[in-house]
Every structure is written in C-alpha cells, then in structure tokens.
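Hi everyone, thanks for coming. Have a look at the structure on the screen, and I'll walk you through it.

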Amino acid sequence: MTLGTMDNVELFDAGTKGRGLKATKELLAGDVVFTEPSFSAVVFDSLSTMVCHNCFRHQANLHRCAQCKFAHYCDRTCQTACWNEHKKECAAIRSYGRAPSENVRLAARMLWRIQKDTGVVSDGQLTSVDELLDHVSDLTDEDRQELQIDVHNFVDYWPKNARQQHPVEYISHIFGIINCNAFTLSDQRGLQAVGVGLFPNLCLVNHDCWPNCTVILNHGKIELRALEKITEGVELTVSYVDFLNLSTERQRMLKKQYHFNCNCQHCSQHIKDDLMMAAKDVDGSKPSAEHIKEVTASSEEYLEKVAKSRLQGDFHEVAKLCRECLSTQENVLADTHLYKLRLQSTASEVLSYLHAFSEAAQFSRKTIDGYMALYHPNNAQLGMAIMRAGVTHWHAGQIEAGHKLICKAFGILMITHGPNHPITQDLESMRTQTEMELKMFKQNEELYNTMREAALLKQPTMCMAENASPDGKIEDVSRKQ
Ligand SMILES: [Zn+2]
Ligand SMILES: [Zn+2]
Ligand SMILES: [Zn+2]
C-alpha cells in the first residue's frame, strides 16, 4: 500500500457496532476511498491447479511449484513474487505430505505473516490482525465443532520444529477471525469466486443493507469505492449480504454469519419489503388472499425444483419450469416480487446459454426493471445485471435496446468498478462496438442484419459466462458465505 491512501478515513467508536471508519473529507460517487492488498490470501482447494496462487487469475497452463507440487503460478514472475509468502507453506506441505484445506492454509499463512510483521503490514493499516473480532463464543455447537476440526488439522499441519508454537485458544481465535472477516476473491473478471483472503482495513468497515460504499477486487487489491456523495464525518458502510432479500431474512443471514443484529434503517423500517412481496395490481384490484397464498406456495416448490435441475445441468428443464411458474405468477405477484425476479433472472441466464436470445432478452428486461425499483441506483449487482441484459438484447438482434442497456451498465460500473477494472474495459469495447452497429442499423437495416450474423460468430471478448454453463453462477466479491 502506498503511503497516504488512508487519508480519506479515520477509525472511530461506532457504539454497539464496535469500531468503524468514517470519512475525513467529502467523497463523491466513484471515488476510491482506499485500496488495500490482502494480508494473506489462498486459492480454493477445488481450483488450486487452475488459478494462480499469486495473482488469482484463472487460466490454463499454469506453472507448478516443483517442490510442493501444490502451488501453481502464471509464470516465474508470479512465482518469485509469491515466494516470501509461500516458502514456509511449501516446506510445511512437503512434510505434511499434502496440502490441507483452504481455511487451514489461510490460518497458517496469517500466522507466518503475523510472526514476521507482528501483525501490521504497513503504516496504512489501521488495526492489527490479532485485534479483529472472532465471535468464537457466539458460535453454535455445530459451527464450534467445525472450528475444532480446523484447529485439529492446523496443529497437525503446523511444523513441529517451528520456533513458535501456538496454544489452541489462539488458533481458535484465528479461525474465528477467518469465519467472520474473510473476503471471497474473484478471478480477474469477477465472474467466479476463486479464493479467500483477509483485508484488515476492510474488516473495519461496518455493514448497512443500504450502504454508501462498495468493495471490488481489482488487480489483486481491494478497492473501497463511494456509491454516492458522502459528507465529511459520515460513517462508511458496505453490505455483507445481497439486498434482494426480505429484511428479516437479511437479519437472519447476518446474525448467522457475522453475529450481529442489523438495525440499519432499511431493516428497522422494513423498507421495500412490501415491494419484494407485493401482489399484482390489475386495474385497481388485487387477487384474493387465498390465490396469492396458493401461488406463493407453488412458487416456492418451483424454485426448489429449478435449483435441483440446474444443479443437474438440465437447462431445458430449468427453462420449462421457469416458464410454467412465471405464467402462474403473471397476474398474481407484482413485478418486484422476489420469487418472480429470481425465476426471471434464472430463465434469462439459462435461455442465453441455450442461445434462445429473444426470449432471454424479454426475461432480462423484466428482471432489471424489477431490480431498478429495489436496488440502490449504483448497486454493483444491478450494474452487472444490466450489462448481461444489454448483451442478451444485442445477441437477440435488438441493437438499439442493447446499446442503451450497455451504456447504462457502463455508467454504473464506472462508479462501482472504476475505469481500470477489466469488466469496465470489456464494457467500454462493447459500447463502442454496439454504437458502431447501431449506426449501421440506422443506415441500412437489411445490411446490418446480415452483418450481425457474422458479428455473432466472431465472439466478442465477452465478460459474461457465455461459454461457461450457468451452474457456475456469476459471483461478485463478497464476504464469505
Ligand atoms: Zn499470476
Ligand atoms: Zn511449493
Ligand atoms: Zn439491515
């Protein structure tokens, strides 16, 4: 971290929420509040041979560490850059005979780092890692058992001849910190969760379901970015959960994972809950309570079936189930109802994958209309959904709508991701491309339609999981779920 990047914030006592960060000067939408490299980070077990252990890029033909045969890197440069962090791990993996789970690897890396740097990476770090909350005493029996297994595996893995040995309580403390503070790392385009890491300053940013900041991973570092104008002295917040859940559900998730009761304005006043569960208003009259109840219950069953078929990779079945369920909801549930939105979003994703672009475009349009009524106008998920809708319209040959959506997504991602992020750059080239095509379309519609076929074959650098199956749901950077 370069000195001075913490100029925009200061620590303060946020009352019942513990410590927090507040702005020391006025910030505008899209401003980078601070950037932070990870204190420690590891690649997920399942992707250990497919993602670089240094820069977290997902790519083919990685170079393997000749000694432990576990770590993989893009090239020598990444391997050399990572050696300081990997050296002790490399020896430990060799003597243990295999690599332990990601949690254990992360805990060990944290302890090696704490040992080396006494827990502080740079002048810009506002808290030592040891001081972060662990919530071990709040764990359920089940979670506590899992933690004990991690601790047990850690003790086996940690070198017996190491200068420093740690008491079990301290190791539990470290795993507790990981459980409620670790952040999921995504690959370079933000399409897939590939690892997990600890960012101490970020841990100081408290949660709000309607936050004024967002966090994004860019070139291996996190950026905290302002979503709106923030006045000096105002607390900085990010959301640890997706807003598109009822307030009681968000509160439940936050309690379970992060052990606090969310009393944010949106939760305490149940803001937008009504829209998320609303019934459809047809010419001033609503369906009967009985009918709503019936459709809601059947929707829940459908959602379960959809999830199951999706997991099995039966995308034709997923599309069929979504269509069926959406037709029963049509005049009963409002267009902002969560169940409707979930099915529409799945339908559009799956139909795009099946190359049924026109139908996919219709569903994506409805989805983002609902999202726009619910999400903060600069929400990153909203921006990504609009981007996907834009690409779907473009593929469906609806160039005018496609271009418009891509421009709208670009405006949001300039704030949430910034101009240097790979996704924003992809979006910018799509914007240029669709602008050109739109001109062509307006000049000569017939010529455009012939050209479009060729353009579709050309496969633009797409920042959506177009070639990947829709089971690897697009994920953004979020706290560990
Ligand atoms: Zn790399
Ligand atoms: Zn190695
Ligand atoms: Zn809340």
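Let's start with a term: a residue is buried if 20 or more other C-beta atoms, placed from the backbone, lie within 10 Å of its own, exposed if 12 or fewer, and partly exposed in between. With that rule, 41% of the 481 residues of the chain count as buried.

Some housekeeping. This is a predicted model, where local features need pLDDT of at least 70, side-chain atom pairs count only at pLDDT 80 or more, and totals for chains, interfaces and linings use all residues. Residues are numbered from 1 along each chain as its sequence is written, while chains are lettered from A and ligands numbered from 1 in the order in which they are written.

So what's in the chain? There are 16 helices and 12 strands, both being DSSP runs numbered from the N terminus (helices are H or I, at least four residues; strands are E, at least two). The radius of gyration, taken over C-alpha atoms, is 24 Å, close to the 23 Å from the globule rule for 481 residues, so the chain is as compact as a globular protein of that length. That rule is 2.2 Å times the number of residues to the power 0.38. Along the principal axes, the C-alpha atoms fill a box of roughly 75 × 50 × 50 Å.

And contacts? Two residues are in contact if their C-beta atoms, placed from the backbone, lie within 7 Å. Among contacts in the chain with a separation of 6 or more, 66% are between residues 24 or more positions apart.
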